Amino acid sequence: MNTALALPPPAETVLVTVYGADRPGVTASLFSALETFDVPVVDVEQVVVRGRLVLAVLVGAPQEPDAERTLRLLLHKWAAEERLDVEVVTGLGDNRKRREGRTHVTVLGAPLKPAAMAALARQIAECRGNIDRIVRLAKYPVTAIELDVSGADPDLLRERLARVAAEEHADIAVQPAGLSRRAKRLVVMDVDSTLIEGEVIEELAARAGCLEAVAGITRRAMRGELDFAGSLRERVALLEGLDAGALEDVRASVRLMPGARTLVRTLKRLGYLVGIVSGGFTHVTDSLRDELGLDFALANTLEIGADGRLTGRVVGPIVDRAGKATALREFAEAAGVPATDTVAIGDGANDLDMLAAAGLGVAFNAKPVVREQADTAVNVPFLDTILYLLGITREEVEAADAAEEEIETSPAGTAPTAAGGARNVQSAA
């Protein structure tokens with residue numbers, strides 16, 4: 001005997017959609033009008049674009065005789081008094097259940113063109129996906145739009161949208177939906193050409209008079225044409241005899257990537273741990289760790305002779321491609337965070353193992369071989385756009401900045417002082 005309970009038929013519902021100029025009090029006024037009918041609220045969605053409101057409310061249909069007709073008349077009268085347009089549609093049940101294969105698609109553009117959005121939406125449809133929701137995350141310095149998609153195979157969607165990104169000159173990231181996206185609590189970055197502009201070893205080479213030779217080796221290593229450890233030894237050997245004072249000169253001249261401070265500051269506010277791992281040198285990374293309040297730092301150490309000059313050698317094991325991935329796992333273990341809940345950011349071939357080991361690997365203004373293999377690529381020169389991949393909006397960042405500035409500038413005794421720098425969990429030389 002079949003003992004399964006039959007599902008009840010879907011209840012009758014009424015969809016009320018309001019259009020017009022947005023102003024405070026519209027939503028309260030609408031629900032006050034609906035209050036007369038004592039119907040259950042099933043769903044609410046509201047969007048405001050350039051001051052124009054679209055407010056949709058799904059409620060249960062009133063059960064009294066002629067109550068639906070009365071409801072329609074009341075809502076049209078209400079809309080006329082509020083100088084708004086209203087549409088009332090009777091139907092059955094709620095929204096259809098979202099299909100499997102739920103993903104977040106984030107698209108960045110500077111500017112974002114209609115052709116990119118058209119190509120993106122077309123590929124989603126061809127992958128049998130449905131766009132369930134669209135929201136803007138930022139309007140500057142890039143436009144960032146997030147789409148919730150269901151029904152499409154994530155791997156196929158990622159492959160198709162990677163082609164759209166290349167053809168339409170936009171950055172598109174595809175990530176599985178769910179709690180895992182919210183759980184990424186450790187971010188580990190490369191340093192040269194990622195956290196900072198340029199390559200430290202090339203700055204040293206310029207002072208040693210061997211910039212052209214070193215830069216050529218660096219380019220080949222970043223493209224994956226040379227073994228990183230061997231190429232680093234070859235480049236460092238060319239620095240032999242350089243006064244160690246050049247290290248301090250280079251450290252003082254380091255320029256952070258645009259958006260770097262905002263990225264780190266926002267992540268720390270949200271409780272993330274942040275680390276750096278570099279094929280560069282501790283003289284710079286230790287300074288960055290202290291300046292930005294980072295939790296982890298690992299890099300190579302240049303040997304300095306008794307005469308105060310570089311010997312052309314590196315002290316200890318070299319932080320190479322495999323070493324970066326190992327560092328990410330060790331940072332994650334020290335932080336009590338599974339590797340699947342980490343984000344790695346880098347630009348060169350020596351970052352590939354680290355990007356693969358992380359839950360989300362981001363190629364930032366990266367070489368082609370890195371863009372092709374990373375989970376997603378960001379090609380705009382603003383490091384804080386990484387926040388949008390985590391679902392954080394520009395407005396949330398700016399609101400937090402403004403609140404902190406207000407606390408810092410408040411007269412003594414009128415507000416608590418701003419939080420201090422981040423704790424230093426580990427500093428690896």
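So, contacts along the chain: among contacts between residues at least 6 apart in sequence, 67% join residues at least 24 apart, where contact means heavy atoms within 4.5 Å. Before I go on, this is a predicted model, so local features need pLDDT of at least 70 and side-chain atom pairs count only at pLDDT 80 or more, while totals for chains, interfaces and linings use all residues. Residues are numbered from 1 along each chain as its sequence is written, and side-chain values use heavy atoms, with hydrogens and water left out.

Okay, the overall inventory. The protein has 16 helices and 15 strands; these are DSSP runs numbered from the N terminus, with helices being H or I of at least four residues and strands being E of at least two. Of the 429 residues, 45% are buried. Buried means under 20% relative accessible area, exposed means over 50%, and partly exposed is in between, with a 1.4 Å probe and protein chains only. The accessible surface comes to about 21,500 Å², and 52% of that belongs to carbon and sulfur atoms. Those areas come from the Shrake-Rupley method with a 1.4 Å probe, and for residues only the protein chains shown count as cover.

In what order do its four strands sit? The order is β2-β3-β1-β4, in an open sheet with antiparallel pairing. Two strands pair if DSSP finds at least two bridges between them. At the edges you find β2 (41-49) and β4 (85-92), each pairing on one side only. On average, neighbouring strands here are turned by 10° against each other, direction ignored. Axes, by the way, are lines fitted to C-alpha atoms, for helices over the stretch in contact, and angles run from 0 to 180 degrees between N-to-C directions.

Look inside that sheet: β1 (residues 12-21) and β3 (residues 52-60) run antiparallel and are joined by nine bridges.

Helix α1 (residues 26-35) lies across β1, β2 and β3, at about 25° to β3. Helix α2 (residues 67-82) lies across β1 and β4, at about 160° to β4.

I'd like to stay on α2 for a moment. Which of its residues are buried? They are Ala 67, Leu 71, Leu 75, Trp 78, Ala 79 and Glu 82. Seen down the axis of α2, these fall within an arc of 110°, so they line one face of the helix; the arc is that of the directions from the helix axis to the C-beta atoms.

Now compare helix α4 (residues 154-168). At 1.5 Å a residue, its 15 residues should span 21 Å, and its end C-alpha atoms are 20 Å apart, which agrees; the expected span is 1.5 Å times one less than the number of residues. Its buried residues are Leu 157, Leu 161, Val 164 and Ala 165. They fall within an arc of 100° seen down the axis of α4, so they line one face of the helix. Asp 155, Ala 166 and Glu 167 are exposed on the other side. The cover over the buried residues of α4 includes β5 (103-109), α3, β7 (143-150) and β8 (171-176).

Last stop, the other sheet. It's an open sheet of seven strands with mixed pairing, in the order β12-β11-β10-β9-β13-β14-β15. Its edge strands are β12 and β15 (376-378), each pairing on one side only. Neighbouring strands are turned by 25° against each other on average, direction ignored. For a parallel pair, take β9 (residues 186-189) and β13 (residues 342-346), joined by four bridges; there, Val 188 stands opposite Ala 344 in β13. For a hairpin, take β11 and β12, with five residues between them and Gly 308 in the turn showing a positive phi of about 80°.
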